[in-house]
Amino acid sequence: MKREKWRGWLTRFGEAPSAEAGSPSDMALLELANGCAALGLSVPETRLCPGWGEDFEISLSDCRVRIAGGDPGLLYGAYAYLTAMACGEAPPAGRRHPYYPLRMLDCWDNLDGSVERGYSGRSLWFEGGALRWDPARIATLGRLLGSVGVNALCVNNVNVRDGAQALIEELLPELARLAEAFRPFGVRLMASVDFSQPLMHGLPTADPLDPDVAAWWRVRADAVWAAIPDFAGFVVKADSEHRPGPFTYGRTHAEGANMLARAVAPHGGKLVWRAFVYDCAQDWRDHSTDRPKAAYDTYMPLDGQFDDNVLLQVKHGPYDFQVREPVSPALLGMRDTALALEVQLAQEYTGHQIDLYAMPPMWAELRETLPPENVRAVAAVSNLGRDDCMTGHPFAAANLFGYGRFAWDPMSDPRRVLVQWAKLTYALPEAQRDALVDMLMDSRAVYEKYTAPLGLNWMVRPGVHYGPSPEGYEYDLWGTYHRADRNAVGIDRTAAGTGYVCQYPDALRDLYADTDTCPEKLLLFFHRLPYDFRMRDGRTLIQRIYDDHFEGVEQVERMAETLASLDLPEPDRTEALRRMDMQLANAREWRDVINTYFHRLSGVEDARGRKIYQ
Ligand code: GCU
């Protein structure tokens, strides 16, 4: 029974110790006492090592387990020990420390309680324009984050609207109380700020080179750190999707970021500047502007110009968290700038936490083109909300868990991570656990098959971003075109086309530029190809599109059978099955819409004579 309780820890958020402990090292002792009792183990000896910071070491001698660690390292050691015990594994050997010092969760929560791209209910800490939260839930969440080493939480939407500017002004005392609630778990707060905020205080400008503007931000930063001494920093979305920024004043993004960075630097704060800058009022008739080129074009000339405490936060792909994108060339090219890699746990384009989409295999794939040492920090858009299951789908917790693991160690093995999550979450017999993990491991590839083909992206319903709409973004202003006609589909991004491929280092440029070597999954991202183009296995492009869509649905049908065979506890079983029914309907809709779309355009029949609707 006790064991069961421990197993429910990560997804059903079993009892958290009340956050009476003031520091992570106090919390480590509480967690060890509670966790060991739940697992029927004796409590290890602990030693707080000042100066070890996030490091810990678990050792075994004279049949005694000893955990040594800094603050918060001791807490991470406690969780590592308890996780290993609950999973039936040996605790990690030797002194351990996280690969990335800053492991952020970016919450797109609005002060009115709504969550932008939130699929798990309303905000866990905002409601009605104020900070309101349930201390027990925040303690549970703190524990969840601390247990996987997430150490910074940006509390509000990067689109700072509707009075959210107040967070670093009159709402500061409330923010300080929230910071206190997260502190024992080693989680420090951050806030998104509005670049034009000085204008709301009677200043005639927000020009970053204006001394009064810089002084205004210094006073603000002083006030924030006076209220929350361990505050981690500010996040800024500037000149992006209609947010204000330095371009208004003819200044560069280095000038804008550095001005803010200097305000937070005396407090040891970070300034996280997002690189999501592109023309979002493009004319679809204009073939010369290619949105994926935007981040590199904007930031590469600024490489080396950012202050030391600036982190330039770059989305993993050059578009926007699509199912299949190549790595953003800015992440490869900018070697003199501290970069933060941004991923999205919120399943905006990847199934809304209805369809299964486990991300650890995708992050493992990313390191094939992005060496982990190219970035200095990681950030993930949160998938959390106030619903009973804080991640919408109970299995979507595997993405939060996995993110923590990959942020701690980017060389993590995705299968091992998912096995650990499954062991901690459900007491399933081994064969069933393997079936669950297999399903999660395949889930992204399956989703990819029944949605937009071969790196095309953007065939999703505009705005909501769930379900198919092959031309939904085709004549729009967002720079998101595939330009399918009766002969061909895709954008030529080679040197002869938009030239996007030239932003990559030579080896990758050559790989992607040649249809013989370009990974097939990215073929239509880089090339415009006729429907009778021969794929490497001899099939035509159009046949591959049809086949993938039929296969994707068949795989979801098999997943539904597997899911039904698992002895999951309630309410997870009912909830997962309910969502699987929705996924099945979604997959069939995608298959039929996409296949019909390409059949109507190309006039080519399915070689296997399967049903394509007219
Ligand atoms: C996407 C998403 C927006 C979000 C933006 C961002 O465009 O649809 O909701 O604000 O990304 O990352 O800033």
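How many bridges join strand β2 to β4, and do the two run parallel or antiparallel? Hold on to that while I say hello, everyone. One thing before we look: this is a predicted model.

Now, the answer. Strand β2, residues 56-61, is joined to β4 by two bridges, and the pair runs antiparallel. If you want a spot to look at, find Glu57, which stands opposite Arg95 in β4.

Let's step back to the whole sheet. It is an open one made of four strands, in the order β1-β3-β2-β4, with mixed pairing. At the edges you find β1 (45-48) and β4 (95-96); each has a single partner strand, so one side of each has no neighbour in the sheet. For anyone new to this, strands of a sheet pair through backbone hydrogen bonds, either parallel or antiparallel.

Next, the ligand. It is surrounded by 14 residues, and the closest are Glu116, Lys237, Arg274, Lys315 and Glu348. What classes of residue make up that shell? Eight are charged, four are nonpolar and two are polar.

Lys237 places a polar side-chain atom 2.6 Å from an oxygen atom of the ligand. Taken alone, the ligand exposes 320 Å², and the protein buries 94% of that.

Now for salt bridges. The count comes to 37, and I picked a few to show you.

Take Arg251 and Asp207, whose closest N and O atoms are 2.9 Å apart. This pair links distant parts of the chain, 44 residues apart: Arg251 sits in the loop between β10 and α8, and Asp207 in the loop between β9 and α7. Are these two buried or exposed? Arg251 has 26% relative accessibility, so it counts as partly exposed. Asp207 has 12%, so it counts as buried.

Compare that with Glu575 and Arg578, which meet in a salt bridge at 2.8 Å, N to O. Both lie in helix α18, three residues apart, about one turn of the helix. Glu575, at 22% relative accessibility, counts as partly exposed, and so does Arg578, at 42%.

Then there are Asp592 and Arg591, with their closest N and O atoms 2.9 Å apart in a salt bridge; both residues are buried.

Last stop: a network of salt bridges links Asp537, Arg539, Asp547, Asp606 and Arg610.

How values were computed
Residues numbered from 1 in each chain as written. Predicted model: local features only at pLDDT ≥ 70, side-chain atom pairs only at ≥ 80, totals over all residues. Heavy atoms only, no water. Near = heavy atom within 4 Å. Polar contact = N/O pair within 3.5 Å; in protein donor to acceptor, adjacent residues only side chain to side chain. Areas by Shrake-Rupley, 256 points an atom, 1.4 Å probe, with all protein chains shown as cover. Nonpolar A, V, L, I, M, F, W, Y, C, P; charged D, E, K, R; others polar. Pairing = 2+ DSSP bridges. Salt bridge = Lys/Arg side-chain N within 4 Å of Asp/Glu carboxyl O. Buried < 20%, exposed > 50% of the residue type's maximum accessible area, 1.4 Å probe, protein only.
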